[in-house]
Amino acid sequence: MTGTHHGLTRLDQLVKTCIHGEGPSRPFAQTFGRLFPANPVKIKNITHKDVIHALDHLASDMAATENTDGPADAGMTFLGQFVDHDITLDATSALGSRIDPATIANIRTPSLDLDCVYGAGPEASPHLYGSGDAEHFLVFGRKDNPRDLARTCAGKALIGDPRNDENIIVAQVQGIFIELHNLLMSKHVENGDTANDIVACAHHGMSKDIWHAHVHPKLSGFEEVRRFIRLHYQWVVWNELLPDFVDQACLDWALREEAFGWNAPVMPVEFSGACYRFGHATTQFKYALHEGGEHKGLFALPGFGPRPVDGNIELGMYFQLAGGPAAQKARPVGPKLGAPLLNLPFVHNGIELADIEESLTVEQARNLALRNMIRDRYTYQLASGQHVAARLGTPVVPVPEQLAAKGFTRTPLWFYALQEAETHGGGKLTGAGGRIVASVFANLLKRDSTTFLHIPHFKPWSGFDGQPSVFAGMIAYIEANRAHMKHTADLQCG
């Protein structure tokens with residue numbers, strides 16, 4: 001334990017701030033909500049079974065059985081998945097039941113704070129950390145595979161969000177952040193030039209009074225490293241991840257405009273349940289784990305368990321590194337997705353849609369594209385893509401022929417965002433979908449006064465220079481300095 005007394009926890013700091021009226025007029029909401037009114041399915045001359053059949057047909061046509069390269073590196077798909085797990089977790093709603101989004105608790109903090117890596121910190125989440133001299137280092141690795149995630153005796157990953165173990169690629173994105181933290185903590189302990197850079201960056205844009213009021217002295221080094229990594233992570237999300245998949249005009253618009261107002265939900269279901277799920281459509285049919293290796297489907301090596309050494313990916317095959325092999329690419333955003341996502345191997349039961357007295361077969365329940373559209377229409381009852389486009393003043397895309405032939409007059413928002421990307425975005429989100437995704441991230445960065453956006457002229461650390469991207473620079477820095485990481489054997493579990 002860090003030695004912080006329970007009377008000096010972040011909860012006490014929050015209470016103190018609130019009772020003195022020093023905080024914002026409205027804190028971040030911890031629930032999901034709507035940007036647009038509910039849009040229940042309206043049946044006219046067809047049945048709910050007909051609706052499901054039409055959506056099933058459309059979803060099945062989305063299967064891609066060949067790779068198609070877009071502009072983004074393949075790993076950015078999984079960095080996007082990691083970001084989703086950092087800001088959202090709906091652990092309560094069920095696919096088969098209609099639900100009011102305002103009642104869904106968001107288990108993750110709706111901010112880019114890496115709580116999926118750090119949990120609630122060394123005191124509140126001690127199972128994620130070492131002990132003794134390593135108490136501010138994150139557990140990582142196993143003796144059988146030092147690059148796997150640390151695990152319990154039952155093989156469960158010891159990480160802030162268990163979903164980051166669901167496939168071997170996102171698990172290794174998680175590993176990048178864990179190793180970066182442990183490496184920078186090692187540098188901080190050494191108290192050299194790198195430590196000075198970390199401290200200077202961590203305190204940039206934050207007054208000494210605020211720092212000393214909120215950070216216990218024994219946690220100072222840990223918090224400096226965590227803030228350093230958070231700032232660079234936020235910069236990467238806004239300046240590298242999003243521009244890879246979202247039209248830059250939408251990002252610029254989101255910074256300028258307050259499209260939905262301060263009282264709009266911070267984490268709207270139009271984002272979490274539809275538009276940000278564009279990442280599914282950037283998955284390829286197959287990936288090579290190493291240069292010259294056999295291309296395999298995403299689930300050829302399952303997640304949620306100990307990873308063999310031959311499951312360790314060559315990171316340069318997923319994120320372009322200077323002097324390395326050509327990185328694989330993500331699919332362009334559009335109405336196709338890698339066929340493995342239409343047959344999820346970990347789904348073993350059908351789904352009862354009790355509200356309409358219908359059900360999905362096991363085969364249908366395994367189809368992620370169909371699940372997305374059923375969630376859109378029956379669970380969340382989201383506004384249609386055409387309705388959102390009309391409200392936001394973006395060009396309207398027609399209903400796809402497969403649905404129009406069945407009497408549909410509007411398109412589920414998730415599919416609509418993919419259509420927009422193909423029709424108007426050149427393989428990137430644009431229009432209604434692009435604006436929703438961009439505005440949510442811009443709002444998160446604007447509302448949180450500790451983000452890089454509030455540090456004038458923030459520039460990433462020079463130690464990450466020399467690579468095609470800052471994220472690639474983080475990877476290269478780890479690869480070049482891994483041998484200098486302290487306590488590696490002591491931090492291994494499982």
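Visitor: Before we start, what does contact mean here?

Guide: Contact means heavy atoms within 4.5 Å. Also, this is a predicted model.

Visitor: Good. Which residues does Phe441 touch, leaving out those up to four places away in sequence?

Guide: Phe441 touches Val83, Ile87, Leu112, Val237, Trp238, Leu242, Phe271 and Tyr276.

Visitor: How many residues are in the largest nonpolar core, and which have the most contacts inside it?

Guide: That core has 146 residues. Phe82, Phe177 and Phe441 have the most contacts inside it.

Visitor: Where does the largest share of this core come from?

Guide: From helix H8, residues 220-245, which supplies 13 residues. As background, nonpolar side chains in soluble globular proteins tend to be buried together.

Visitor: On to rings. How many aromatic pairs are there?

Guide: The structure holds 22. Take Phe82 and Tyr233: the ring centres are 6.1 Å apart and the planes are at 85°, so this pair is edge-to-face.

Visitor: Are Phe82 and Tyr233 buried or exposed?

Guide: Both Phe82 and Tyr233 are buried. Another pair is Phe228 with Trp461. Here the centres are 5.7 Å apart and the planes are at 75°, which makes the pair edge-to-face.

Visitor: And where are Phe228 and Trp461?

Guide: Phe228 is in helix H8. Trp461 is in the loop between helix H16 (431-447) and helix H17 (470-481). The two are 233 residues apart.

Visitor: Why does Phe228 count as buried?

Guide: Because its relative accessibility is 1%, and buried means under 20%. Trp461 is buried too, with a relative accessible area of 11%.

Visitor: Which residues form an aromatic cluster with Phe82?

Guide: Phe177, Tyr233, Phe319 and Phe471 form one cluster with Phe82.

Visitor: Now charges. Which ring does the charged end of Arg226 sit over?

Guide: The ring of Tyr118, at 5.4 Å from its centre. Arg226 lies in helix H8 and counts as buried at 4% relative accessibility.

Visitor: What else does Arg226 contact, outside four places in sequence?

Guide: Besides Tyr118, Arg226 is in contact with Gly121.

Visitor: What about Arg435?

Guide: The charged end of Arg435 sits over the ring of Trp253, 4.3 Å from its centre.

Visitor: Is Asn191 buried or exposed?

Guide: Asn191 is exposed, with a relative accessible area of 58%.

Visitor: And what is phi for Phe304?

Guide: Phe304 has a positive phi near 60°. Phe304 is in the loop between strand S5 (295-296) and strand S6 (337-338). It is partly exposed, with a relative accessible area of 48%.

Visitor: Last one. What does Asp165 contact, beyond four places in sequence?

Guide: Phe304 is one of its contacts, and others include Leu149, Arg151, Gly303 and Gly305. Asp165 lies in the loop between helix H4 (115-118) and H5. Asp165 is buried, with a relative accessible area of 4%.

Conventions. Residues are numbered from 1 along each chain as its sequence is written. This is a predicted model: local features need pLDDT of at least 70, side-chain atom pairs count only at pLDDT 80 or more; totals for chains, interfaces and linings use all residues. Side-chain values use heavy atoms; hydrogens and water are left out. A nonpolar core is a set of buried Ala, Val, Leu, Ile, Met, Phe, Trp, Tyr and Cys residues joined through side-chain atoms within 4.5 Å. Buried means under 20% relative accessible area, exposed over 50%, partly exposed in between (1.4 Å probe, protein chains only). Helices (H or I, at least four residues) and strands (E, at least two) are DSSP runs, numbered from the N terminus. Rings of Phe, Tyr and Trp (its six-membered ring) pair if their centres lie within 6.5 Å; planes under 30 degrees apart count as stacked, over 60 as edge-to-face and the rest as tilted. A charge sits over a ring if NZ of Lys or CZ of Arg is within 6 Å of the ring centre and within 35 degrees of the ring normal.
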